[in-house]
Amino acid sequence: MNGLTPILSTVTASFLASFVEVVEAFTIVLAVGVTRSWRPALIGAALALAVLAALVLAFGPLLALVPITVLQFVVGVLLVLFGMRWLRKAILRSVGVIALHDEEAAFSKETAALQQQANDRRADYLAGLAAFKAVLLEGVEVVFIVIAVGAAHAQTFYASLGALAAFVLVTIIGLAVHRPLARVPENALKFAVGLMLTSFGIFWTGEGLGADWPGADLALLAIFAIIAVACFAMVRWLRASYPKAAQGVAP
């Protein structure tokens, strides 16, 4: 059980985080393909994936040169900061302070922008650039998450499998329905990912500092539970304190 806990948590965190990022990138690529043509959409996406692969090949081996305790501490701190950013936005969206992310609205906005550029001689270039930027920006976050959740315990392979599964699943579903994946409960996913990344971060920061966690890797579950309870309590408190903002937000 102790051996499976970090593997399952690594794959799950990588899959959920990558799923959210891939959905957002796919929305832009789909808008380019439907509005302009699939040629610039696919070329832009392919070039971005090539750049991401080059970054992984260039910087991935450097991690092996870093002492494991230093790596765990640095990655842990970064994951805490990264996870807390996701949690902050998810909490504020849950209470209505920040609007929920709408893939249909993002698709319509990108489609309108591409239609305005339709008569431009550089229309194909601009469309391909939009796809390239979307895949690159979201892909950088995926690469960071894969390296971060996998490197501290030498589980980059399992983290990569989670990201690959997310990419394949979103691509298959998106191409099948030929529409933005607007029904994906994105804020709930971001909440879960924020909880997992923050839990990983706290756990690995402690290991980097030499902490001896009770229950070893099973301590991850306890950390996750404590943070989840604290976040849900904060959501309830904010909804009670700002009832106008919370109107129309599902519990």
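The lining of the largest pocket divides into 23 nonpolar, 6 polar and 2 charged residues. Here Ala, Val, Leu, Ile, Met, Phe, Trp, Tyr, Cys and Pro count as nonpolar, Asp, Glu, Lys and Arg as charged, and the others, Gly among them, as polar. The model is predicted: local features need pLDDT of at least 70, side-chain atom pairs count only at pLDDT 80 or more, and totals for chains, interfaces and linings use all residues. Residues are numbered from 1 along each chain as its sequence is written, and side-chain values use heavy atoms, without hydrogens and water.

The pocket has a volume of about 830 Å³. Of its 31 lining residues, Val22, Leu49, Leu52, Val135 and Phe167 are closest to its centre. A pocket is an open set of points on a 1 Å grid over the protein atoms alone where a 1.4 Å probe fits, with protein on both sides within 12 Å along at least five of seven lines; lining residues have an atom within 4 Å of a point.

Helices are DSSP runs (H or I, at least four residues), numbered from the N terminus.

| Helix | Residues |
|---|---|
| α2 | 38-59 |
| α6 | 156-177 |

Leu49 lies in α2. Leu49 counts as partly exposed because its relative accessibility is 41%; the class runs between buried (under 20%) and exposed (over 50%), with a 1.4 Å probe and protein chains only.

Overall, the chain has 9 helices and 0 strands. Buried residues make up 44% of its 251 residues.

Notes
Helix = DSSP H or I, 4+ residues; strand = E, 2+ residues; numbered from the N terminus. Points joined across faces, edges and corners; volume = space filled by probe spheres on them.
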